[in-house]
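Opening my notebook on this one. I want to go through the pockets, then the charge pairs, then the overall build.

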Amino acid sequence: MPNYKLTLPNVHFHKDWKTRVKTWFDQPARKTRRKQNRIKKAIKVAPRPASGSLKPIVHCQTQRYNMRIKSGRGFTHRELKMAGISRHQAMGIGIAVDKRRKNRSAQTLKENVERLREYKEKLILFPRRRKNPNKQDSKRELQKQAKQVRTFMTVRYPERVIETRVIPQELRVRDLAKERRDKIQKTKERLIKIRQGKKK
C-alpha cells in the first residue's frame, strides 16, 4: 500500500512537448539534395569555376582574431583600380565587388592586388557574341583548352614556422630563480619610501 501521508507528485505532463521538438531525420536527404544542386549549378555556369566568383583575402575582426585570414565579401574599388580592372568589368568576369569595405592595411591591399593580377593572367574570356568578338576576348585555341574547376584560388591559412635554437651554456649555468628574487627585492627597496608615505 502507498503512503498517503506524503505529497502527491506534480510533474506537469500537460505541456504538449511534441509540438516543440525539432527532429533532424531529413539530414541524409538534405545532403543528397545539396550535392545535386551543386552539380546543377556547375553545369549551368560551365566553364566558369563551380565555387563561384573570386573573393579577396581579409583579416578577421577584433584584436582577438585579427591574425586569422578568411575570404571576404568582395574586392574594393581601390584594389580593382590598382590591378587595372574596372568595376563593371569585374562583375562581368567573375570577381566579387564590395563597395563598403575599405583598405586600412597596405599589406592586405598588396596581397589582394597580386591576387587579382594572378586571376587576370589565368582568365580565359569567351565572347558574348561569336560573330562579333571583342579585343579583350581570348583566342580560339585558349577557349578550347578551358576546363571547369571546382575550387579556384582558395584562401589558405599560411603555415606557422616555429623557430628552435639550442640553449647556450651561459643560460644553463645561470640561476634564473635567484635573479628573479633579487629583482623583486630591489623593487621593494626602491618603493619602500613611497609605500611608507602612503601608510601615514
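Predicted model: local features only at pLDDT ≥ 70, side-chain atom pairs only at ≥ 80, totals over all residues.

**Entry 1: the largest pocket**

With those classes, I get 17 nonpolar, 12 polar and 8 charged residues in the lining of the largest pocket. The space inside comes to about 1,100 Å³. I looked up who sits closest to the centre: of the 37 lining residues, these are Arg48, Pro49, Ile93, Tyr119 and Leu123.

Which helices supply at least two residues of this lining? I find H1 (27-45), H4 (87-92) and H5 (106-122). The biggest giver is H4, with 4 residues.

**Entry 2: the second largest pocket**

I put the volume of the second largest pocket at about 480 Å³. The list of lining residues runs to 14, and those closest to the centre are Val58, His59, Gln61, Arg101 and Lys102. By class I have 2 nonpolar, 5 polar and 7 charged residues in this lining.

**Entry 3: salt bridges**

My cut-off is a side-chain nitrogen of Lys or Arg within 4 Å of a carboxyl oxygen of Asp or Glu. How many salt bridges does that rule give? The count is 6, and I went through some of them.

Glu118 with Lys122: I read 3.1 Å from N to O for this salt bridge. Both residues belong to helix H5, and they are 4 residues apart, about one turn of the helix. Buried or exposed? To call it, I take under 20% relative accessible area as buried and over 50% as exposed, with partly exposed in between. Glu118 is at 35%, so I log it as partly exposed. Lys122 has 47%, so it is partly exposed too.

Asp182 with Lys178: here the closest N and O atoms are 3.4 Å apart. I place both in helix H8 (residues 176-199), again with a spacing of 4 residues, about one turn of the helix. Asp182 comes out at 37% relative accessible area and is therefore partly exposed. Lys178 gets the partly exposed label because its relative accessibility is 42%.

Glu179 with Arg174: the side chains meet at 2.9 Å, N to O. Glu179 goes down as partly exposed because its relative accessible area is 35%. For Arg174 the value is 41%, so partly exposed is the label there as well.

**Entry 4: the whole chain**

I count 8 helices and 2 strands in the chain. Reading along the sequence, I note the pattern α-β-α-β-α-α-α-α-α-α.

What radius of gyration does the chain have, against a compact globule of 200 residues? The chain has 32 Å, while the globule would be near 16 Å. Along the principal axes, I get a span of about 95 × 85 × 40 Å for the C-alpha trace.

Burial next: of the 200 residues in the chain, 17% are buried.

Conventions. Residues numbered from 1 in each chain as written. Heavy atoms only, no water. 1 Å grid on protein atoms, 1.4 Å probe; cavity = no way out; pocket = protein on both sides within 12 Å on 5 of 7 lines; lining within 4 Å. Points joined across faces, edges and corners; volume = space filled by probe spheres on them. Nonpolar A, V, L, I, M, F, W, Y, C, P; charged D, E, K, R; others polar. Buried < 20%, exposed > 50% of the residue type's maximum accessible area, 1.4 Å probe, protein only. Rg over C-alpha atoms; globule rule 2.2 N^0.38 Å.
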